[in-house]
Amino acid sequence: MAGVGGPVFDAERRKHMAAAFLEGGEHYHQVRPSYPRDSLDWLIAGSPHPIKDALDVGAGTGKYTQLLARHGWNLTAVDPSADMLTQLAAELPRTTTIVGTAEHLELPVNSMDLAVVAQAWHWCDPLAASTEIARVLRPGGTLGLIWNQLDVGIPWVHRLARIMHAGDVHKADFHPTIGKEFAAPHVHNTRWSQSLTPEAIMELAKSRSYYLKASDPIRAKVMANLQWYLLDHLGHSPDEELQLPYVAQTWRTHKL
């Protein structure tokens with residue numbers, strides 16, 4: 001199932017940009033948004049079997065793992081960054097953490113009922129990751145692919161996303177690439193908002209791969225543009241609480 005409408009990376013570029021997240025877990029955890037509970041509620045509502053063991057692939061600091069933890073399942077979190085997983089373990093000590101990737105999971109065959117990949121599928125080789133995740137899922141197991149995206153249907157947010165270089169905002173025809181091991185996916189969108197000050201929005205921009213891999217002059221330009229847009233153009237004060245609108249896009253499929 002070939003995808004369309006998403007960010008385009010060749011393998012070398014994908015690895016280069018993904019390396020931006022190997023460090024900086026504390027800052028990432030502080031500034032990145034959580035996910036709406038509705039995303040996981042919808043995901044598990046379509047599960048054909050009861051869930052006992054759940055896997056978070058590309059778990060980072062545990063933003064989506066926190067939703068999984070509410071259900072009392074046996075949780076395993078996998079991420080390439082030991083630094084990110086340190087943040088996760090501090091808040092979710094009962095979760096098993098493993099340094100690894102979606103393409104190489106050090107887990108037994110048929111050991112999981114649910115696997116989620118939140119804000120990370122675009123950093124994976126989707127066909128290799130599909131094969132490996134299918135290997136560890138039990139028959140009929142559920143795979144969820146989730147993205148938090150700025151709601152660019154709102155004009156001021158659309159311009160903000162461009163200034164921040166939020167490259168993971170999907171086009172209307174987006175469809176993720178998923179391997180033949182899985183059924184055709186279904187999608188569910190959840191609109192929600194995060195309360196942030198302009199200063200916090202600027203910190204959020206610093207957690208994105210474009211900024212992390214940019215040169216110092218480009219970083220300075222991004223910050224100057226954000227300061228102008230939020231404070232001068234839109235007229236907000238630095239500590240004013242704003243509602244930053246998001247769309248959480250959740251794709252659900254099952255192992256064939």
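Start with the contacts. Among those with a separation of 6 or more, 79% join residues 24 or more positions apart. Keep in mind that this is a predicted model. The chain has ten helices and seven strands. Of its 256 residues, 52% count as buried. The accessible surface comes to about 11,800 Å², and carbon and sulfur atoms hold 52% of that.

Now a helix pair. Helix 7 packs against helix 10, residues 216-233, at an angle of about 160°. Their axes lie 9 Å apart. Over 145 degrees counts as roughly antiparallel, so that is what helix 7 and helix 10 are to each other. The crossing is left-handed. Who meets whom? On helix 7, we have Pro155, Trp156, Arg159, Leu160, Ile163 and Met164. On helix 10, they meet Val222, Asn225, Leu226, Trp228, Tyr229, Leu230 and His233. By class, that contact has ten nonpolar residues, two polar and one charged.

Next, helix 6, residues 126-136. Its buried residues are Pro126, Ala129, Ser130, Glu132, Ile133, Ala134 and Val136. Which strands do they pack against? Strand 1 (53-57), strand 4 (112-118) and strand 5 (137-150).

Last stop, Glu181. This residue sits in the loop between helix 7 (155-164) and strand 6 (186-196). What does Glu181 touch, leaving aside neighbours within four places in sequence? Ser130, Thr131 and Ala134 are on the list, and so are His254, Lys255 and Leu256. As for Leu256, 75 residues along the chain from Glu181, the two C-alpha atoms are separated by 5.8 Å.

Methods
Residues numbered from 1 in each chain as written. Predicted model: local features only at pLDDT ≥ 70, side-chain atom pairs only at ≥ 80, totals over all residues. Heavy atoms only, no water. Helix = DSSP H or I, 4+ residues; strand = E, 2+ residues; numbered from the N terminus. Contact = heavy atoms within 4.5 Å. Buried < 20%, exposed > 50% of the residue type's maximum accessible area, 1.4 Å probe, protein only. Areas by Shrake-Rupley, 256 points an atom, 1.4 Å probe, with all protein chains shown as cover. Axes fitted to C-alpha atoms, helices over the stretch in contact; angles between N-to-C directions. Parallel < 35°, antiparallel > 145°, perpendicular 65-115°, else oblique. Left-handed = near helix turned anticlockwise from the far one by under 90°. Nonpolar A, V, L, I, M, F, W, Y, C, P; charged D, E, K, R; others polar.
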